[in-house]
Amino acid sequence: MPTTAPQLHKTWFVTGTSSGIGRQLAELLLVRGCRVAATARRTETLADLAAEHGDRLRVLSLDVTDTPAVRRVVDEAFAAFGRVDVVVNNAGYGLFGAAEELTDEQIDRQIATNLTGSIQVARAALPHLRRQGGGRIVQISSIGGQVAFPLLSLYHATKWGIEGFFESLRQEVAPFGIQTTIVEPGAIRTAFIDRGLDQAAPLEAYEDTDLGEYRRSMLAGTAIDPIGDPARVARAVIDSADSDPAPARLVLGSDAYEMGRTALSLRLADLEAQRSVAYSTDAEDARG
């Protein structure tokens with residue numbers, strides 16, 4: 001059974017804190033008395049928190065697609081605070097459009113931000129976490145790492161990809177006292193659709209299909225009813241850091257739970273239906 005031992009004055013490193021969950025995390029952690037190294041591409045968005053919380057907040061400029069900068073900023077955060085207990089990969093955005101509508105530049109940026117950026121933050125933190133005897137890495141993913149919707153193929157590719165990375169990483173770093181958690185929220189009431197979504201130029205071929213209608217309803221805000229409270233999501237993420245062992249996955253939102261349960265049940269049913277075919281391809285000398 002996981003145990004909970006509140007440690008209210010931990011030190012956290014959080015990427016993507018200018019808005020959304022990242023901003024909520026920074027605010028709540030500072031209120032709880034934690035120290036926070038908060039990164040953002042636009043550091044002026046954190047000026048009010050810096051003025052209020054002084055030395056407990058260190059604001060760092062970072063674009064996670066810049067790998068040398070990732071290493072430099074992570075090193076700076078650990079040097080400034082002496083140790084960091086929890087590293088949160090939160091920076092990311094969505095890319096909306098059919099696969100053939102996306103430009104090469106959009107694809108490269110989506111992967112560089114959501115997938116490669118998160119991987120490089122984790123890699124940069126690992127030597128520090130090993131030296132200090134342990135810590136946590138929290139990856140903000142999405143229920144979109146378990147399910148998939150049309151017009152979000154590259155977004156899903158990054159979320160499914162980062163989940164595979166952390167499944168392996170969790171096993172690699174366990175001997176050093178480093179634990180990881182993948183957070184899988186549902187739709188949250190943030191500015192994701194308005195400011196956190198890059199859009200491809202639509203191809204006319206899709207306009208009169210079901211995808212065309214789905215696109216219009218998504219952009220009009222009628223396809224999805226966000227029910228997640230960003231402050232409650234952030235609070236659940238913070239609370240999870242006091243659970244030992246760390247949850248491998250943290251599903252947040254009733255929509256995330258129901259979608260994830262349905263998707264996993266269907267995949268399990270598909271797997272079971274293929275059992276005889278799977279076993280039939282074993283070599284003769286491997287069969288029991």
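## Close-up views of a predicted model

**View 1. Helices α1 and α9 cross.** The axes of α1 and helix α9 (residues 230-240) come within 9 Å of each other and cross at roughly 60 degrees, where axes are lines fitted to C-alpha atoms, for helices over the stretch in contact, and angles run from 0 to 180 degrees between N-to-C directions. Helix α1 is therefore oblique to α9, given that angles under 35 degrees count as roughly parallel, over 145 as roughly antiparallel, 65 to 115 as roughly perpendicular and the rest as oblique. The crossing of α1 and α9 is right-handed, meaning that the near helix is turned clockwise from the far one by less than a right angle. On the α1 side Ile 21, Gln 24, Leu 25, Leu 28 and Leu 29 meet residues of α9 that include Pro 230, Val 233, Val 237 and Ile 238, contact being heavy atoms within 4.5 Å. The model is predicted, so local features need pLDDT of at least 70 and side-chain atom pairs count only at pLDDT 80 or more, whereas totals for chains, interfaces and linings use all residues. Residues are numbered from 1 along each chain as its sequence is written, and side-chain values use heavy atoms, with hydrogens and water left out.

View 2. Helices (H or I, at least four residues) and strands (E, at least two) are DSSP runs, numbered from the N terminus. Among the buried residues of α1 are Ile 21, Arg 23, Leu 25 and Leu 28, where buried means under 20% relative accessible area, exposed over 50% and partly exposed in between (1.4 Å probe, protein chains only). Just after α1, Gly 33 takes a positive phi of about 95 degrees.

View 3. Seven strands form an open sheet in the order β4-β3-β2-β5-β7-β8-β11, with parallel pairing, two strands being paired if DSSP finds at least two bridges between them. Its edge strands, β4 (57-61) and β11 (249-252), each pair on one side only. Strand β8 (residues 178-185) pairs with β11 in the parallel sense over four bridges, and the bridge partner of Pro 185 in β11 is Leu 252. Helix α10 (residues 254-273) packs on the sheet, where α10 touches β8 and β11 and its direction makes about 115 degrees with that of β11.

**View 4. Strand β2 beside β3.** Strand β2 is joined to strand β3 (residues 35-40) by four bridges, and the two run parallel; Trp 12 stands opposite Val 36 in β3. From β2, Thr 11 and Phe 13 point one way and Trp 12 and Val 14 the other way, and all are buried.

**View 5. Two loops with backbone exceptions.** Most residues other than glycine have a negative phi, and most peptide bonds are trans. Leu 151, in the loop between β7 and α5 (153-173), has a phi near 70 degrees, a positive value in a residue other than glycine, and at 5% relative accessibility Leu 151 counts as buried. Asp 244 and Pro 245 are joined by a cis peptide bond with omega of about 5 degrees, and Pro 245 lies in the loop between β10 (243-244) and β11.
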